[in-house]
Amino acid sequence: MDPRRGPLAVPKVRRVGFFTSIEPSPETPRPNRSLSGPAEAITSSSPLSDSPSGQFISPVQIPPSRHHSDNLASRAAPVPVPGPSAFRRQLANDRTLHVGSYNPVDSLLGTSPPSSNGEVSEDSGSLFGFQRSDSAKLSASFPNGGFNMTVAVRAPRESEAKVAIASTSDGRKKNVEASGESESVSTKPRKEKETKSLKEKTSKAERRAIQEAQRAAKAAAKGEGSKRAGESSRPKPSKPAKQPQPKKEAPQVTSSVSEKRAVSVEKERRMDVPQTQMQYDDKSRVDKAKRRSVVEQTESKNKVELFLHLPQYERGNQLPNLSSNIFTLDTIHHAVYKVGLQHLAGDIAGDNARCIAMLHAFQEAINDYTTPPMKDLTMDLTAKINGYVSFLIECRPLSMSMGNAIRFLKNQIRKLPVDLSEPEAKASLCSEIGRFIDEKILLADKVIVQHAVTKIRDGEVLLAYGFSCVVEMILLYAHEIGRKFRVVIVDSRPNLEGQKLLRRLVTRGLDCTYTHINAVSYIMGEVTRVFLGASSIFSNGTLYSQVGTACVAMVANAFSVPVIVCCEAYKFHERVLLDSICSNELGDPDAIANVPLRNNKKHSKTMDNNKNLQFLNLMYDSTPAEYISMIVTDYGMIPPTSIPVIVREYRREDLLL
Amino acid sequence: MPDVQSMVLEFVNKLRKRKIEGSQATARCTVELLRSVISHHRVPHANQASALIDAVKAVGAQLVAANPVELAVGNVVRRVLHIIREEDLSLATAAVAGLDLLEASDDDEDVNGKGIGYPGMSAAVVAAAARSTLRPPSLQTLLEGTPESATVPYTSSSGADSESKTADKSSVTRKLKHDVIEGVNQLIHEIAGCHEQIAEQAIEHIHQNEVILTLGSSRTVLEFLCAAKEKKRSFRVFVAEGAPRYQGHLLAKELVARGLQTTVITDSAVFAMISRVNMVIIGAHAVMANGGVIGPVGVNMAALAAKKHAVPFVVLAGSHKLCPLYPHNPEVLLNELRSPSELLDFGEFSDCLDFGSGSGSPLLQVVNPTFDYVPPSLVSLFITDTGGHNPSYMYRLIADYYSADDLVM
């Protein structure tokens with residue numbers, strides 16, 4: 001039976017395992033569960049069981065077991081509980097029908113659902129499984145309340161299957177189950193029907209939502225599974241029935257740690273594959289995303305054709321709308337909301353500042369967070385953070401460093417010890433975030449300053465481009481310790497961030513020369529070193545930074561002036577990038593259109609409605625590694641070719657320790 | 001005479017105050033001024049040519065001193081001097097030929113007349129025609145060395161002619177002046193028409209769906225692109241805005257008005273965009289004899305980026321922009337620093353800026369250069385009104401337009 005079925009359902013290996021176990025261990029699981037909700041178990045399972053088991057079994061074995069109804073039947077068949085009744089049978093038929101209807105949806109789930117399917121149907125034998133699923137922490141991972149009940153019910157069910165193995169002794173859960181029992185019988189089928197009908201006429205958005213939920217559930221289930229692995233000693237280890245679980249159960253407490261690590265490493269590897277960015281020339285996806293979005297963006301009229309894959313929105317019109325929303329929107333924590341608005345308005349500039357602001361907001365949000373009843377902190381919090389992140393992305397595309405920080409945070413959440421109480425977990429997360437800020441950003445900056453200062457000698461002329469807080473710290477520190485040097489500040493439109501640096505340096509008494517980027521080849525002749533900040537450095541050594549950096553580096557290279565890039569290691573990214581077109585961020589085109597020309601007024605007005613004229617405000621560009629002489633980072637001074645090494649080592653340290 | 005003097009002074013003032021912008025406008029004003037100088041100059045009977053040359057040189061020196069960075073002034077003055085020398089020489093040769101055959105001079109005149117008739121090939125044809133007559137004596141003068149010796153043979157020859165032309169000396173005087181003014185008119189015509197000459201070649205260089213990057217505001221570039229557009233080529237133009245003067249915005253406005261698809265980018269995005277650009281086309285401020293280009297600030301950056309990405313870097317230059325000098329440290333010496341107010345608000349930084357008071361406070365310097373120098377190695381092609389040329393050929397092209405004697409003014 002097993003060997004035959006195994007190859008048939010290729011992705012459903014686990015289910016196969018289950019089937020094998022059915023025969024020997026039909027009894028054991030059931031009593032256990034029925035303890036909590038005996039009535040349900042009987043009502044639901046009995047109808048199936050009453051039907052002659054052989055009758056059902058034989059078809060199950062032969063046909064490809066895609067159908068739930070089959071599974072259900074087969075699984076139900078061995079159940080010995082007596083008490084057949086016509087009504088119940090009908091119910092069962094009903095159920096099988098509905099369960100079957102899930103199938104297509106489930107198939108969307110991808111890899112994990114099949115395995116859970118088997119379990120699900122098995123569990124669905126006892127209605128109370130559903131009930132419990134509501135209580136399962138997993139459902140936390142569902143979208144911030146924005147989805148249908150059906151979805152919420154359904155997805156947890158799958159995950160629940162796994163959880164089911166774990167003890168359900170939780171008193172709270174039992175209570176819920178008990179109270180829900182009577183209701184569940186009636187509600188269940190209805191819900192299922194709902195899903196079915198919904199399935200048929202769900203709009204794109206809804207389907208999208210469902211998918212999302214499923215994905216979340218899947219991830220959650222996985223996470224849960226691995227988490228549970230260690231502690232799931234309670235569920236009858238003797239039971240061979242739960243063959244889907246053996247991987248999780250088998251590692252007993254002794255080996256669980258290493259096992260867990262192995263699993264997580266594997267997971268990391270999968271997660272490490274950088275997500276492909278949203279391509280904005282993909283109409284359908286953009287539409288879907290738009291329907292979910294909080295921020296209403298109007299697309300700019302004159303899009304630059306070369307950059308259709310990037311979001312091109314009009315600026316400035318969504319801000320009042322959003323700020324009025326701040327009190328009505330409860331899915332997003334107010335601190336995060338505030339940071340989002342600040343990003344949108346451009347009040348926070350600079351990668352470090354943005355990243356720190358975001359992390360502080362998350363800290364606050366976590367502090368105010370309470371796990372909803374019947375939800376799991378890990379899952380729910382991850383989902384919440386995901387919601388925040390997508391909101392922030394809507395406000396302004398995240399920088400690479402923010403992406404890294406978010407990944408760090410999610411890892412921390414995932415790695416929370418399960419036995420931690422909620423306040424403890426929150427405290428540990430907050431302190432981890434604080435540690436990240438201190439260690440990876442603030443302390444790293446100090447280390448970088450210490451390193452870089454050794455490269456500044458008396459009488460040098462240093463060139464700084466735009467505004468970078470690390471470069472500013474270096475220059476100020478070098479001045480403090482008495483080095484005599486001159487600074488050339490090169491600036492560029494439209495942000496003119498160099499003026500900020502200029503002001504700070506001049507007020508501290510540094511000797512400064514200010515010029516614009518066009519004149520960089522005029523001034524480069526007298527420069528002896530170039531100091532650049534970075535937004536990110538990719539693993540092929542490409543420097544991704546404020547637009548114009550590449551120009552400065554190129555001219556410096558032409559004049560044989562060393563280029564020193566200062567970048568904290570948390571900004572390194574394992575992606576690779578060749579040009580500035582594929583991945584970039586577009587700023588407000590109006591910032592370019594508005595120039596301080598005397599006769600400009602009528603000029604810009606007449607241009608506004610002209611299709612032929614576009615303004616392109618690139619935010620970043622990528623500097624090839626060949627222009628970079630040295631990168632100063634918190635791990636020391638390295639050539640750009642060493643970036644992938646640091647990325648690897650850094651990642652390992654970050655994820656596993 | 002006094003009115004010419006006042007005109008000169010007025011023009012010098014304008015130059016000094018940088019009221020005239022753009023090398024073409026400057027060249028035109030200069031050549032018109034020189035024409036009136038020549039026409040008002042009373043020519044002595046002997047040594048008419050040298051007298052004219054002296055007069056023009058005197059005025060030219062004033063003009064060049066008024067704005068040494070505007071190389072077009074010096075170029076035009078040299079061109080006018082060259083015309084005077086050529087006319088003088090052609091008259092002399094005609095006279096010499098006239099000894100043998102009187103009609104020969106008429107023929108010679110006809111040749112010049114034809115040259116005037118075809119402004120399209122004017123300068124080159126005239127120069128080529130003149131070269132055939134000029135070459136032997138000029139080579140001789142080169143060998144003999146001093147510039148003085150160069151003029152001596154001419155004057156002596158014209159003096160030698162005088163005996164045969166005693167009868168109609170006054171007509172000869174008038175003839176030289178007349179010829180020179182004709183030549184100058186032709187030069188004016190040429191300067192005015194250089195756009196069309198260059199634009200005619202656009203179709204050979206721009207293909208369908210091309211992406212072109214340009215910077216600065218140059219009428220030559222505008223005409224060039226529009227000529228290609230008129231020939232039904234559709235292409236896209238990226239314009240760097242050219243902070244802090246925002247000439248790019250002006251150019252973009254003109255281009256859009258003519259129906260070209262235009263995208264304005266910041267100057268800092270030049271490197272980012274260059275990888276998607278097929279050709280960089282810029283208008284030069286001046287072209288030096290070594291093939292180096294002086295252009296609007298930021299040009300060197302674009303040229304370096306183009307070189308890095310192997311994008312052709314094309315320079316458009318009318319013949320009045322060809323300068324016979326070899327540059328030394330052109331980034332600094334042939335540059336001009338404009339007002340810091342274009343970059344910084346005086347109000348904001350007034351406490352930091354050094355207004356020449358010499359106080360010991362920390363200095364904030366603001367550097368705002370006008371021009372940029374592109375070395376010849378970064379230039380792929382020059383397109384002048386006589387066709388396309390390599391940077392390495394520019395010295396030879398330039399030699400056609402100027403006399404070696406005038407290089408130092």
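A:Y544 is buried in this predicted model, with a relative accessible area of 5%, which falls under the 20% cut-off for that class.

**The tyrosine pair and the neighbouring serine**

- The rings of A:Y544 and A:Y620 have centres 4.8 Å apart and planes at 20 degrees, and because planes under 30 degrees apart count as stacked, the pair falls into that class.
- The side chain of A:S545 makes a polar contact, at 3.5 Å, with the side chain of A:T549.

**Other aromatic rings**

- Over all chains, the count of aromatic pairs comes to 7.
- One of them is the stacked pair of A:F362 and A:Y388, with 6.0 Å from centre to centre and 25 degrees between the planes.
- That pair, too, links distant parts of the chain, with A:F362 in helix α18 (residues 351-367) of chain A and A:Y388 in helix α19 (residues 377-395) of chain A, 26 residues apart; both A:F362 and A:Y388 are buried.
- A:F408, A:F436 and A:Y570 form one aromatic cluster, while A:K500 lies over the face of A:F467, at 4.2 Å from the ring centre.

- An open sheet of 8 strands with mixed pairing runs in the order β12(A)-β11(A)-β7(A)-β4(A)-β1(A)-β2(A)-β3(A)-β8(B).
- The edge strands, each of which pairs on one side only, are β12 (636-638) of chain A and β8 (364-367) of chain B.
- On average, neighbouring strands of this sheet are turned by 25 degrees against each other, direction ignored.
- Within the sheet, strand β1 (residues 460-465) of chain A pairs in the parallel sense with strand β2 (residues 485-491) of chain A over 6 bridges, and A:Y465 has A:V490 as its bridge partner in β2(A).
- Helix α23 (residues 498-507) of chain A lies across β1, β2 and β3 (511-516) of chain A together with β8 of chain B, and runs at about 160 degrees to β2(A).
- Helix α25 (residues 549-558) of chain A lies across β1, β4 (529-533) and β7 (563-566) of chain A, and runs at about 160 degrees to β4(A).

**Strand β3 of chain B and its partners**

- Strand β3 (residues 261-265) of chain B is mostly covered, with 4 of its 5 residues buried.
- Strand β9 (residues 613-616) of chain A runs parallel to β3(B) and is joined to it by 4 bridges, with A:L616 standing opposite B:I265.
- Strand β2 (residues 236-240) of chain B also runs parallel to β3(B), joined by 5 bridges, and here B:V239 stands opposite B:V264.

Technical notes: Residues are numbered from 1 along each chain as its sequence is written. Chains are lettered from A and ligands numbered from 1 in the order in which they are written. This is a predicted model: local features need pLDDT of at least 70, side-chain atom pairs count only at pLDDT 80 or more; totals for chains, interfaces and linings use all residues. Side-chain values use heavy atoms; hydrogens and water are left out. Rings of Phe, Tyr and Trp (its six-membered ring) pair if their centres lie within 6.5 Å; planes under 30 degrees apart count as stacked, over 60 as edge-to-face and the rest as tilted. Helices (H or I, at least four residues) and strands (E, at least two) are DSSP runs, numbered from the N terminus. Buried means under 20% relative accessible area, exposed over 50%, partly exposed in between (1.4 Å probe, protein chains only). A charge sits over a ring if NZ of Lys or CZ of Arg is within 6 Å of the ring centre and within 35 degrees of the ring normal. A polar contact is a pair of N or O atoms within 3.5 Å; within protein, one must be able to donate a hydrogen and the other to accept it, and residues adjacent in sequence count only if both atoms are side-chain atoms. Two strands pair if DSSP finds at least two bridges between them. Axes are lines fitted to C-alpha atoms, for helices over the stretch in contact, and angles run from 0 to 180 degrees between N-to-C directions. Contact means heavy atoms within 4.5 Å.
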